[in-house]
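Please look through the sequence and the model below before reading on.

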Amino acid sequence: MAEQRLLVFPLLALALTVLHDFCSSAILDPTDFLALQSVRRSLQDLAGSNFFASWDFTADPCNFAGVYCEAEKVIALNLGDPRAGSSGLTGRIDPAIGQLSSLAELTVIPGRIFGPLPQTLYQMKSLRFLAISRNYISGQIPANLGLLRGLRTLDLSYNQLTGPIPLSIGTLPELSNLILSHNRLSGSIPPFISSSLTRLELKHNSLNGSLEPTALPSSLQYLSLSWNQLDGPVEQLLSRLDRLNYLDLSKNRFTGPIPCQIFNFPITNLQLQRNLFSGSVQPADQVTIPAVDLSYNRLSGPVSTMLATVQKLYLNNNRFSGEVPAIFVERLLAASIQTLYLQHNFLTGIQISPAADIPLSSSLCLQYNCMVPPVQAPCPLKAGEQKTRPTLQCNEWSG
């Protein structure tokens, strides 16, 4: 009996050693395990969310919701239930998250996560995709994010971030998408060196200053800077960005002329309204952009016939003068032009019959020009009730 016990103990020891070796090869790296525990302690499900239901640390964390592993390391962490209508998470992002050294992707779905971004994010040298949007993240963007040299997408939109965009962000060599819209960022836009940058979205902030002609790479396809306080000329800059398919510079203080090349870009909606652009608008060819909004600027000169191919054209609240070309009337009556806003300019006439039947699908406004509108077409409320400009203003402008 004693001999049998002596034989069993070595066999048991051998079995335990094999089991330990097998488990060691299957379990998560201890550093990543502890980091996930810290992340879990700092975040909670909002009412209606059960994202953390599977986060039982007596089991394999690589089977947790939102956790993806490879070779015993966490390579992707998607915090929150991505299903539509999910309530998301609340709490703070624990600085221990930086210990996930192999993490390539970090996303946080919309919720109520507050507090600053951890300064430790820069430790995740493999990070390619960082998206923490539509939460309540506050404080400044850590300048050390510029140490993430492989970062391609940075989306921190719809938060409460303040302070400047760090210059280091502009030095990221592989950056392709930068989305920082709907925050409280201030200061100037840094120059970008990445030749892969295709999307730059900074709208609804308090950014100011001017843009140098070479500040943005020609690789850009989507540029949204609206609702800021940016100023200065952009003629040379825009002339370089010939790959743009979306452009919104509205509600800033940009000055100088609008480059004629821009009207040949593959854009579907050109939004340059509510700036201080000046000079004439003379596209070289017929404009194929469906919607062009140049309203509330200081543009002057005659209305170019090349704009008659635009379906929705907003030229109101400028300083355009002369007669409206006949081609605009033809296309309006043919319903090719859906919107033609020319109010609040210095236009002197338009050849349209008072009995003309403007299609119901089309809108024309001629209020407050240097003429009596020949047709009583409905205008937006902002056009006011005055039909014509005072004669003195018209005489001064023509002189």
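The structure holds three disulfides, a disulfide being a pair of cysteine sulfur atoms within 2.5 Å. A disulfide is a covalent bond between the sulfur atoms of two cysteines. The model is a predicted one, in which local features need pLDDT of at least 70 and side-chain atom pairs count only at pLDDT 80 or more, while totals for chains, interfaces and linings use all residues. Residues are numbered from 1 along each chain as its sequence is written, and side-chain values use heavy atoms, with hydrogens and water left out.

When the bonded cysteines are counted along the chain, the disulfides follow the pattern 1-2, 3-5, 4-6. One of them joins cysteine 62 to cysteine 69, with an S to S distance of 2.2 Å. This link of cysteine 62 and cysteine 69 is left-handed, with -100 degrees about the S-S bond. Cysteine 69 has a relative accessibility of 26% and so counts as partly exposed; buried means under 20% relative accessible area, exposed over 50%, and partly exposed in between, with a 1.4 Å probe and protein chains only.

Another disulfide joins cysteine 365 to cysteine 379, at 2.1 Å from S to S. The link of cysteine 365 and cysteine 379 is right-handed, with 110 degrees about the S-S bond. The pair links distant parts of the chain, 14 residues apart: cysteine 365 is in strand 27 (residues 363-365), and cysteine 379 is in the loop between strand 27 and helix 5 (391-398). Helices (H or I, at least four residues) and strands (E, at least two) are DSSP runs, numbered from the N terminus. Why is cysteine 365 classed as buried? Its relative accessible area is 0%, and buried means under 20%. Cysteine 379, in contrast, is partly exposed, with a relative accessible area of 24%.

The disulfide between cysteine 370 and cysteine 394 has an S to S distance of 2.0 Å. The torsion about the S-S bond of cysteine 370 and cysteine 394 is about -100 degrees, so this disulfide is left-handed. Cysteine 394 is buried, at a relative accessible area of 13%.

Next comes a lysine. Lysine 73 is found in strand 3, which covers residues 73-79. Is lysine 73 buried or exposed? Lysine 73 has a relative accessible area of 17%, so it is buried. Its side chain is joined to that of aspartate 32 by a polar contact of 3.2 Å. A polar contact is a pair of N or O atoms within 3.5 Å; within protein, one must be able to donate a hydrogen and the other to accept it, and residues adjacent in sequence count only if both atoms are side-chain atoms. Leaving aside neighbours within four places in sequence, lysine 73 is in contact (heavy atoms within 4.5 Å) with Leu28, Asp29, Asp32, Tyr68, Ser101 and Ser102.

The aromatic rings can be taken together. A search of the whole structure finds ten aromatic pairs. Rings of Phe, Tyr and Trp (its six-membered ring) pair if their centres lie within 6.5 Å; planes under 30 degrees apart count as stacked, over 60 as edge-to-face and the rest as tilted. Tryptophan 55 and phenylalanine 57 form an edge-to-face pair, 6.2 Å centre to centre with 80 degrees between the planes. Tryptophan 55 is buried, at 6% relative accessibility. Tyrosine 314 and tyrosine 341 are also an edge-to-face pair, 5.4 Å centre to centre and with 85 degrees between the planes. This pair links distant parts of the chain, 27 residues apart: tyrosine 314 lies in strand 23 (residues 312-314) and tyrosine 341 in strand 25 (residues 339-341). Tyrosine 314 is partly exposed at 23% relative accessibility, whereas tyrosine 341 is buried at 18%. Ring pairs also link Phe33, Phe51, Phe52, Trp55, Phe57 and Phe64 into a cluster.

The C-alpha trace spans about 120 × 40 × 35 Å along its principal axes. Of the 399 residues, 48% are buried.
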